[in-house]
Each structure stands twice: as structure tokens, then as C-alpha cells.
Amino acid sequence: MVPKTKWALPLLFAATLAAQQRPQQPTPKSPAAAERYAALQAEQKKLTEEWMAKVKAMSAEAEAAKKDGKPMPAMPMRPDTSAIGKQALAAAKEMTDGDDAVPFLLMVVNADRSAAADALSLLGDKYADHPATAQIGPMIGFLPRIVGEDKAPAIAEKFARSGNADVRGWAVFAKHEKTIETADREGDAYQGAKSELVKVAELAASADLKDRVRQAIDTREKYGVGIVAPDIEGTDLDGVAFKLSDYRGKVVFLDFWGDW
């Protein structure tokens, strides 16, 4: 039971925003596969719209329950599209052309977490070099959560061997991200990880991947523990100009906030 459901509208907004930001999904090339794919898309859209309508309705019910001091039943955090995922996986296994199979496999990953391991494994085995497979690149670092700690390493290694520079680059980034964040900057582990990441970023076409690599290295080398902080300049509450360096040698508490 959830006594307060203030999450309802923010969750709806987040779902809508995620849908807007998601890269354009590829569609199968052959007419038969494209028709089958479109039917699954339509069903997935219907389920999502029904779920969003329920979330909207619950926001009004939540306000009434709040006034009466009554609890509200928990709402599913996402629509149940597992049946769509299973159908998409079955379709992908029937395909022999990557242009037809990959869109179905990407649909599985988004629609059914229980079948995600099978879909990602098949992507890695047969279609790791396909350009559209790069869309799952940012997810590679989250494979332990998606498919489990036991299956994640083997699947990630399949993508690390991809002939596609973006797919391979995301896999290498996932492998070394923790090292960049925590290893001794002067040590061999850090330097080796940095060298590999710089190489994959140079070869990658993905601007997102290039930015992630650059940000990870810059964050560690410009703002990490032991690095001199940038000299922030500003004006205090009394209108007096100041610089961070004015307080060198003193304990400084920085409170960053925003309004949007």
C-alpha cells in the first residue's frame, strides 16, 4: 500500500520525456517483417496509453485519498508489455537477415526484461556488427541489473568483440568506467583504461559515446580528489565580489542549487 501518490504525475512526465528522447527505432526491411513489427508496435502503444491513462486517473484519486487520510494501492511502474517482448523474440529467431531481426530484438529489450538476456545474447552472437545494435550501447553498463550478475559478463564480452566501432566502444566504456572513477591516476590500471577509452572514442561515430568518455576522464582529472578546484568567481549576499582562491587554506562549503 502506498499512502501518498505524489509520484503519479512526475512518473507520467518522466515516461513521456523518455519516449521523446529515445533514439528513432529501426524498422525491418522486408514487407512481411515490417508488417509484423508494426502490429506489435501498435499493441505496445495501446498498452502504454492505457497505462498512462490509469496513472492520470490515479493522480486525481490520490488527491482525494490524501484529504481523507486513506492509503492508495501501488501502481505498476510501467505497462506490462512482456507478451509483446516474447512475440518479438520469437519473430527475431525466425529471421535470418539482421535488417529484419535487429529491430525485433531491440523491441524485446525495451518490452520484456525477462526475455532481455536471450535477446541481448542473440544480438551479441549474430548481430553485434549491425549498425542498429549500437542503440543498446548505453545499456551495456547496466547489464548486471538487466540480465543478472551471472549473465552480464559473457554478454558484454560479445559486444566488446564487435566490428562496429560504436558497439565495441560502449562495451569498452562499460568495462573501464569504474577504473576511471576510482583507480590511482598515476597507476597502470588507470593509464591503461584511459588509453583504451581514448582509442575507442577516436574511432566511434557516436557523439554521445565520445562525450561520455571525455566527461569521465575530465571529471577525474580536473575535478577529482587532490585536484585544485577551478577558481570560481561570484558576488556574495552583500554585493561584494569574491573568488574561491580568496579562501585558500580554509574549509569551504559549496552549496550548488538551481531553479527550473
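This is a predicted model: local features need pLDDT of at least 70, side-chain atom pairs count only at pLDDT 80 or more; totals for chains, interfaces and linings use all residues.

Residues are numbered from 1 along each chain as its sequence is written, and side-chain values use heavy atoms, with hydrogens and water left out.

**Aromatic pairs**
- Searching the whole structure turns up three aromatic pairs (rings of Phe, Tyr and Trp, the last by its six-membered ring, with centres within 6.5 Å; planes under 30 degrees apart are stacked, over 60 edge-to-face, the rest tilted).
- In one of them, the ring centres of Trp170 and Phe173 are 6.2 Å apart and the planes meet at 90°, so this pair is edge-to-face.
- Helix α8 (residues 165-182) holds both Trp170 and Phe173, three residues apart, or about one turn of the helix (helices are DSSP runs of H or I, at least four residues, numbered from the N terminus).
- Trp170 and Phe173 are both buried (under 20% relative accessible area; exposed is over 50%, and partly exposed lies in between, with a 1.4 Å probe and protein chains only).
- Phe242 and Tyr247 have ring centres 6.4 Å apart and planes at 70°, so they too form an edge-to-face pair.
- Phe242 is partly exposed at 27% relative accessible area, and Tyr247 is partly exposed at 37%.

**Ser206**
- Look for Ser206 in the loop between α9 (188-203) and α10 (207-223).
- Ser206 has a relative accessible area of 16%, so it is buried.
- Beyond its neighbours within four places in sequence, Ser206 is in contact with Asp166 and Trp170 (heavy atoms within 4.5 Å).

Note on methods:
Helices (H or I, at least four residues) and strands (E, at least two) are DSSP runs, numbered from the N terminus.
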